[in-house]
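Student: I should like to learn how to read sheets, interfaces and confidence in a model of this kind. May we work through a case together?

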Amino acid sequence: MNPPKTSRRPIPRDRSWLARYGLLLALVAIAVPLAIVKPAFLTVQNLVIVARQISINGILAVGVTFVLLTGGVDLSLGSVLALAGVAAATFAHPDSGPLILPVAVGILTGTLCGAVNGFVVTRGNVAPFIVTLGMMTAARGLALLWSGGRPVSNLRPEFTFLGSGSLAGIPLPVWALLLVAAAAWVFLVRFRPGRYVYAVGGNEAAARASGINVQGVKRLAYTVCGALAGLAGVVLAARITTGQPNAGIGYELDAIAAVVIGGTSLSGGVGSIGGTLQGALLMGVINNGLDLLNVSSYYQNIVKGIIIVGAVWLDSRHKK
Amino acid sequence: MRGLAKAFPGVQALQDVGLEVFPGEVHALMGENGAGKSTLMSIIAGLQPPDAGELQLDGRPVTIPNPHAALRLGIGMIHQELLPFRALSVEENLFMGQQPTRGFPGWIDRRALRRRARQLLDRLGATFPPTARMGSLSVAQMQTVEIAKALAHRVRLLIMDEPTSAISEREVEALFRIIGELRAEGVAIIYISHRMDEVFRIADRITVLRDGRHIETRPAAAFDEPGLVRLMVGRELDAAAPRAPTVAGEPMIEVDGLSLPGRFADLAFAVNRGEVLGLAGLMGAGRTEVLNALYGLVPATRGRIRIEGREVRIRQPADALRHGIALVTEDRKVSGLVPQLSVEQNLTLASLRRCCRGPWILRAGESRLAEDAVATFGIRASNRNQRVNQLSGGNQQKVVVAKALLTRPKVLLLDEPTRGIDVGAKAELYTLIDRLAREGMAIVLVSSELPELMRLSDRLLVLCEGRITAELDPRRTTQEAILHHAMPAAAAA
C-alpha cells in the first residue's frame, strides 16, 4: 500500500536545474569558444591529453572528497603521493619480482599514511588541519630520506607502461581514474558506510545518536583518501618513469579545489563524486585551454585562483 | 532615585508584565521553566527588545537596544551560563572593551589595568590574582569575576540568573556575603533561583511569574513555601484525564545502582512492558543524563542494566540499539536530524541494516521502509526526497520519533518529545505514545511540562540533583507535590 503522493521511483533531490548542471554549463561555455578559436582543442589527441592530465588530480580529488564529506580536510596528499611514488619505484627496478609488487607497495604506503591520519584525528582529538599538516611534512621527509633525496630511476618498462600505455585508445591512468570514481560513487551512494559518511559530516551528534560509529567512519575516510593518494603516486611514478621525492608539491590544494568547485561543502555532509569529477575536468580544460592559447603559466595560476573562489562564491550565492 | 527599573513588555512569552525594583533591594523572580523569567531579564539587559511596553530608569523612560547600552545605564547581568574568554587573564576579562589606554590610541595601560583589577577583586574578597588565566578558575570564581566586571561599570541594577546552580555550599555563602554588601551600597539586585531556601534567605521582595504573566509581588515575609509553589504552578490541570492505566506487564528494563559522578547517583528503577514512566525534575536534575546513560551516549560509570531479565552492557548507542533501546534526543536540531539529508535518509539512518544486504543498501527496501513510516506517522512532506530541514517543526519531530521507532525498540526513551511543536502535532504524539504503550513497549518520558507528564505517565519518578526523591502516582498527585519533591531545599528537609 503506497500513499498516493509518493512514488517508488527515486526522485531527484530538490536541487534546482542550475545547481545540478551549472558546472557542465560552465564547461561548455569555456569549451565552445575555445574550440572555435583553437580548433586543435577538439581533436581526439588533445582530449586524450586533457584526460591524462586530470587523471592524477582526479584520483586525489576523489579520495579527498571522502574526507571533506566528513567535515575534515587532508593536506598531506601531495607528500603521501611522493612517498608512495618513491616506495613503488624502489620495488620497480628490472627483475624485482612480480609487477603487482610496486603497485601494491605504493598503495599500501598511502593507505598506511591515511590510516595514521585517521587514527590521530579520532583518537588524539587533534584538528584534521594540524594532523594532516604534520603528515604532509613528515611524509615528505620520509620520501627524501628513503630516496636519499634523489629520484629513484631505472624502472622496468612494464611498470612505466602503466603510466604511458593505453587500453582501447584510453590511457591507463584515465582508466584508473574512471574505475576509482565508479567504485567511490557506488560506495558513497549505495553502501551503508557511504551513507554514514554523509551523516557524520552533516551532523556528527545526530549520527552518533543514530548508533553510527562516528570515529570508525572518519578513520575509513582518511584511510580511503590515503590509499588513493598512494595509487596516484604509483600512476605518477609510472608516467614520469621515476620515483620523485619532490613530486606533488601543492597537489593537495588542487585536489581540494576540484572537490570544492564540484559543489562539496567544506563543512561536510554535502557533495558527490560526480561533482568532483566535473570540478577536476573544469580545471583540466581551463589549464589546457590556456596552454593552447600560449598564456604563460604565471597567468594560468592567477586565472585558476579566480576560478576557485568564483565557483564557490556563485555556489553560495545560489544557496541563499 | 525611586523606581529604578520598570518593564511593561507584551511579547508572546510575556504578557503585560510589570516589575518595579528599588535601590538596595534584592528582588527574587520566581516561576516554572518557561514562565518568562529569562525573557523578561533579557529585555532589561538589552539582549532583545520588547514588542510593547516601556522601561523606566529613575522615573525616566529609556530604551535599551543592546547589552552595551544596558551597561552604560548601569544595568548588568550575570548569566546562568558564563561565557568568559577562557584563554585570557582575569584582568583582561574584567576590562574587555573598556581597557584603560595611555598615550598612543589603543595602547593598553597595563599598570592601570592591574591596579584597578586588584581593587575590584579585593572589594569582593577574591583570593586569586588578576593575572590568573580565566580558564583555570572555578565556576564560582568566574562568577566573582563577572560581578567584578559589573562593578567596574558601576552597575546600579544587577541581574543574577540562577547564580548558585553550579557552585558549592561554601561558595554560595561567599556569594551571599557579596550580595549583602552590594545591597548595602544601594545596588538593586534581581535574583532568579529555583531554590526556595535561598530565596527566603536573601530576598526582600518576591515576584512570581507564570505563563508569561505577572502573578504576584509581595515582601518575602508575606509568603510561605507551599503558598509560593502554588502560585508558581497555578494553572488548573488540563481537562484531558490521564490515560487509562495499562495492564502491568513484567519488567522490560531494570536499572540498579546506576551512577555517573556529578550527574546522578545510585539510581534504581524498573519499567514494565506497556508502562510509561515519567521522569520529573527541574533543569539540571539529571533527567536527560539518565536517558543518555541508558542509551550509551554518555555511559554510566557504575550500575547494572537488565533488559527482559538479562544483564546488558551499554557503552555506545549501537549497543543500546542492539538490545532494543531507542532514544529520541532532547533537541532535534542538535542531535536529532542530519539537515543535509533527505526525509527518507533521516528516517532510515538508525535502522539502515533493515534494508541492506551486507553493506549494500537495497533501494526498494529503503523506500518501502520510509514510505511506511511517512504513512504511519502522518509525516507531511511533499516527497520523501525533500531535505528534512524544509519540513515544519512538528513534522521534523515526527521524523525523529519515527527514526527511533524504525529500529523496532522494546524500550523507548523520549526526551522532551513535544518541545517546540504546535498543539496539533502534540496531540498526535500523545496518541502515538498511548498506542505504543498499549502495544507493549516500555517508555521512559522526560518532559518539563508537568501537565503533559502527568497525563502521559503511568508512574512518576522525581529527580533532584541526580537522585530519586519520590515515586508518585500521577493520578493521585498534584503539580505542587511534584515540584515540592523536585526542589533542592524541600528534598533536604
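Tutor: Two strands count as paired if DSSP finds at least two bridges between them, strands being DSSP runs (E, at least two residues) numbered from the N terminus. In this predicted model, chain B has an open, antiparallel sheet of four strands in the order 12-11-14-15.

Student: Which are the edge strands of chain B?

Tutor: Strand 12 (264-272) and strand 15 (310-312) of chain B each pair on one side only. Between strand 11 (residues 251-260) and strand 14 (residues 302-307) of chain B there are five bridges, in the antiparallel sense. B:E254, for instance, has B:R306 in strand 14 as its bridge partner.

Student: What confidence does the predictor give?

Tutor: pLDDT is the predictor's confidence in each residue, from 0 to 100. Chain B averages 84, and 92% of its residues score at least 70. Over residues 236-241 of chain B, however, pLDDT stays under 50. Where pLDDT is low, the predicted coordinates should not be read in detail. For the complex, the predictor gives an ipTM of 0.84 and a pTM of 0.77.

Student: What conventions apply?

Tutor: Residues are numbered from 1 along each chain as its sequence is written, while chains are lettered from A and ligands numbered from 1 in the order in which they are written. Local features need pLDDT of at least 70 and side-chain atom pairs count only at pLDDT 80 or more, whereas totals for chains, interfaces and linings use all residues.

Definitions and conventions:
Contact = placed C-beta atoms within 7 Å.
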